[in-house]
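Me: I have a model on screen and want to learn how to read it. Where do I start?

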Amino acid sequence: MHEKLRIIIVERDRDRAHLIVDALREAGDHQITVIGEESGLARRIADIRPDLVLIDIANPSRDMLEELALASGPMERAVAMFVDRSDQGLTRAAIEAGVSAYVVDGLRPERIRPILDAAIARFHMFSRMRNELAATKAALEERKVIDRAKGLIMRAKGIGEDQAYALLRKAAMDQGKRLPDVAQAIVTAAEILG
Amino acid sequence: MTQDRLALGFIPLVDAAPLIVAEELGFAAEEGLSLNLRAAASWSMLRDMLDFGQVVAAQMLSVVPVARALALGGGTQQLEALMVLSMNGQVFGVSAEIGQALGDLPFGDPLAAGKRLAGLGRDLRIGVPFPFSMHTELLDYWLPRAAPDLRFALRTVPPPRMAEALKAGEIDGFCVGEPWGSHAVALAGARLVVSGAAIWSQAPEKVLATRAGWAEEQPDRAGRLMRAVWRAGRWAATPQNRTTLAELLARPEYLNVAPDLIDRALTGRLLVNSAGPEIEAPQFQSFDQGAASFPWRSQAAWIADRLAQRYGLRLADAHNRARATFRSDLYRLHLGPAGAALPRSSEKAEGVLNQSETVPGVTTTLILPRNRFFDGQIFDPADPL
């Protein structure tokens, strides 16, 4: 029977941190600590002496972890960058998913793999969520611009909403442009001329 | 004309200018390239992006390709420097409290500042952007020589967090690239004490890095990219373009700070404390002056020399591995025909020039800028210490 692994997750967002913890629990019984505060990160990690640290690849504090790989005295265990020694394919998958992992020197790859697989799956989910959110936000923004343009046309020409929308759509088709782009042009022009 | 799209990585810093200018002012387009500039949040992230081919080239700390060649630090691939993007631009500063304790001290005197820092009688924690950086090398060269009694420890702090770390008392001082030193002055009341150039006036700060072998696999692309970046560096170095450059870099998608903070680095006129005078920091930063973009193999050897001593590696071996990472041969191949002045040798003794000097080059003469270490030491790669 293996000893429990000590895992640290560096993540400021509590909801995201919970989701990662849940995923890792399914991958095995480990002792998981979440660090949400970036101040004194290196020292806190050194105190906990983890086997594995997981951090978002885009977290600016990552460079602090690079330092840990070096600052090991004779009595300390080196925290090596995972990508140094282990499975390159797994590392690539992790980087592409947006998570970077630091493991203690000498930890066997077969012990890391299930944890990493779980983390990778979770980070893929995050990036899907992020993309969906961005798409929804963009759609909402476009909706708002179209509504404003419609309003402007309705006032200027004294016509109803459906007619204003039909005019807008016709202009877009005639010019071979996207509807939101034509709407934006109308809003911008109105701002300058108004 | 269809343009060849290349993904490039950068960190939001003033010295990312040659890459940003290459794309924004059409130097890349002139070479049939379109640059997809991707900002990274940390040096390790940027290195991983290079390692795993998410970008083909990146602005990189000059020390990183050398460290990799010596198997130090993280990363999986060998990297190489096709050219130097910028010289110097680092600044060392301290917290408001220590700044006050230093009393009356002129900016830019490493010996006097070292004595004064040692005289404080306390240990210092100094923030640097990355363990393998010119910032680390300059501090490690300067402080033990100028202040042998001073005990100091280096801490890695992401540059945008430097001001916050200073305020929170996590560090007592920092060595960082602009605009983050000026940012710490503005936000945390820091006091700037010494520029990197005052420690070594010709320290290569950032390089254009690729995975080893990329430029030889794709010589045409590499040539186009190097020419575009070289011309952009010359544009960025032209004084008349400074205002435009500051405005361009200040944009939200790049540095996202006020243009006047950027202007300080570009002019070398720094505000040393929030109340204080504006001073002129000589040779503060350069993108082009004096063959600045030429990757001298002696620069790589100096870096290797420092790393080898710190990490206990064999010197001669370290020098040779390091030299191979600074591709002066590719610079000659691709930028010589474009009109870059080429020195006759790819190595020089570092620290020997008390003033700028005109020397004969391959076809034209070159002006080599003043090249001095603060303590007058000379590093001759042909005859290492």
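**Reading the model, feature by feature**

Reply: Start with the surface. This is a predicted model. Chain B exposes about 13600 Å², and carbon and sulfur atoms supply 48% of that area.

Me: What share of the residues in chain B is buried?

Reply: Count a residue as buried when its relative accessible area is under 20%. In chain B, 61% of the 385 residues pass that test.

Me: How does the radius of gyration of chain B agree with a compact globule?

Reply: Compare it with the globule rule. For 385 residues the rule gives a value near 21 Å; chain B has 20 Å, so the two agree. The C-alpha trace of chain B spans about 60 × 45 × 40 Å along its principal axes.

Me: How many helices and strands does chain B have?

Reply: Chain B has 17 helices and 15 strands. Then look at sequence separation. Of the contacts in chain B with a separation of 6 or more, 75% join residues 24 or more positions apart.

Me: How do I read one helix?

Reply: Residues three or four places apart point the same way, because an α-helix has 3.6 residues a turn. Now take α13 of chain B, residues 242–250. Its buried residues are Leu245(B), Ala246(B), Leu248(B), Leu249(B) and Ala250(B).

Me: What covers the buried residues of α13(B)?

Reply: The cover includes α1 (17–24), α12 (219–237) and α14 (259–267) of chain B.

Conventions: Residues are numbered from 1 along each chain as its sequence is written. Chains are lettered from A and ligands numbered from 1 in the order in which they are written. This is a predicted model: local features need pLDDT of at least 70, side-chain atom pairs count only at pLDDT 80 or more; totals for chains, interfaces and linings use all residues. Side-chain values use heavy atoms; hydrogens and water are left out. Helices (H or I, at least four residues) and strands (E, at least two) are DSSP runs, numbered from the N terminus. The radius of gyration is taken over C-alpha atoms; the globule rule is 2.2 Å times the number of residues to the power 0.38. Buried means under 20% relative accessible area, exposed over 50%, partly exposed in between (1.4 Å probe, protein chains only). Contact means heavy atoms within 4.5 Å. Accessible areas come from the Shrake-Rupley method with a 1.4 Å probe; for residues, only the protein chains shown count as cover.
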